[in-house]
Every structure is written in C-alpha cells, then in structure tokens.
Amino acid sequence: AAAVPETPVALVLGARVHPSGRPSALLARRLDLAAELVRRGTVRVVLVSGDNGDRRYDEVTAMADYLVRRGVPARQVVRDHAGFDTWDSCTRAHRIFGVDRAVVVTQAFHLPRAVALCRRAGIEATGLGDDSGRDHPGATRAAATREVLATIKAAWTALVRPDPRLLGR
C-alpha cells in the first residue's frame, strides 16, 4: 500500500459474502487494503463493485458497511451493484461512474487479469494485490484454481469488449 501512487479512486472488486452479510476472508483483505489507502490519503474514493443480482445476496452493501465500520467515511464509498464479474466492474467504473484512473484492489493472483481488463475498459489502472493467502490456504487454492478458467474468459472479453450485463445505474 505504501508504494501505490496517489490515485483518485480505489476499485475494490467483489467476492463471496457469507449469508450473515459478513465478507469472506479474501474479500475482507481487499477491503482492509482499500481502507489503508484511504487512511494514507492515497485515494479519495473507494468504488466497491460486486454482485447484487438477487435481493438475498448483496456483496456491495456488505463491502460498504465493512469499510465504514473500519473508519472510511460513508461519503467516500461509492457502490456499484452490477459488478457481476471483473469486466463488468471495470467497464462500468469507466462508462457509468466516469473513472479514468484507479488502483484496482484484489488478490495478488487475480491482479494481472483485473488490471489488464480495466486498462482494456479505458481506465489507467494500477493494482494492489493481497498476498496473505497463507492465512487462508483453502480459500486461496480454490480461488486460484478458478482463476485459470477466468483468464481464458478474460482473453475473449478483452478481444470482444462486450457491454456489461447492465449498463445503467
């Protein structure tokens, strides 16, 4: 976090939320990094982008609530409820929220794909990746395995550049 250049926006990509509304360990680490960027004055706004395609599942509110409980002022947290995948989060950040420059916050294994997709979506993106997977080896192994298939999908997405599933607010 200390090496991240001053950037207007931190884009935190969503991940699993428990039925209780508590972020998974991997998501909590992303949010902790974003909160640190705000505390350092590195970013002015945190855009939390995740899945809220079902009333019973809301990554975005869980993310925003977590940040506020950790001292990030609510006025500095912006919610994107239609970030159904990495491409949707990146392209919506640019096309709907007007983000031109951002630091993407995710896990280290996801970072190359996330930064590449955000750049392809029109954002001057850098990244900050959590590499504390040793603390949660089961969750990290499963997510890293999923990343192989997601990288194949990302290559296609970067080539075709489809509209996100939802293009409005």
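Helix 4 (residues 111-120) lies across strand 1, strand 4 and strand 5, and runs at about 165° to strand 5. That's one piece of a predicted model in which the protein has five helices and five strands. Reading from the N terminus, the elements go β-α-β-α-β-α-β-α-β-α. Here's a quick tour, starting with the sheet and ending at one histidine.

- The five strands make an open sheet in the order 3-2-1-4-5, and the pairing is parallel.
- Strand 3 (77-80) and strand 5 (124-130) sit at the edges, each pairing on one side only.
- On average, neighbouring strands in this sheet are turned by 25° against each other, ignoring direction.
- As a general point, strands of a sheet pair through backbone hydrogen bonds, either parallel or antiparallel.
- Strand 1 (residues 9-13) and strand 2 (residues 45-49) run parallel and are joined by five bridges.
- If you want to look at a particular residue there, take V12: its bridge partner in strand 2 is V48.

**Helices across the sheet**

- Helix 1 (residues 25-40) lies across strand 1, strand 2, strand 4 (101-107) and strand 5.
- Against strand 4, helix 1 runs at about 145°.
- Helix 4, the one we opened with, also lies across strand 1, strand 4 and strand 5.

**A look at H18**

- You'll find H18 in the loop between strand 1 and helix 1.
- H18 counts as buried because its relative accessible area is 18%, and the cut-off for buried is under 20%.
- The side chain of H18 makes a polar contact with the side chain of R16, at 3.2 Å.
- Setting aside its neighbours within four places in sequence, H18 is in contact with P23 and S24.
- Along the chain, H18 and E59 are 41 residues apart, yet their C-alpha atoms are 9.1 Å apart in space.

**The protein as a whole**

- The protein has 169 residues, and 48% of them count as buried.
- Take the contacts with a separation of 6 or more: 69% of those are between residues 24 or more positions apart.
- The exposed surface comes to about 8600 Å², with carbon and sulfur atoms supplying 53% of it.

Terms used
Residues are numbered from 1 along each chain as its sequence is written. This is a predicted model: local features need pLDDT of at least 70, side-chain atom pairs count only at pLDDT 80 or more; totals for chains, interfaces and linings use all residues. Side-chain values use heavy atoms; hydrogens and water are left out. Helices (H or I, at least four residues) and strands (E, at least two) are DSSP runs, numbered from the N terminus. Buried means under 20% relative accessible area, exposed over 50%, partly exposed in between (1.4 Å probe, protein chains only). Contact means heavy atoms within 4.5 Å. Accessible areas come from the Shrake-Rupley method with a 1.4 Å probe; for residues, only the protein chains shown count as cover. Two strands pair if DSSP finds at least two bridges between them. Axes are lines fitted to C-alpha atoms, for helices over the stretch in contact, and angles run from 0 to 180 degrees between N-to-C directions. A polar contact is a pair of N or O atoms within 3.5 Å; within protein, one must be able to donate a hydrogen and the other to accept it, and residues adjacent in sequence count only if both atoms are side-chain atoms.
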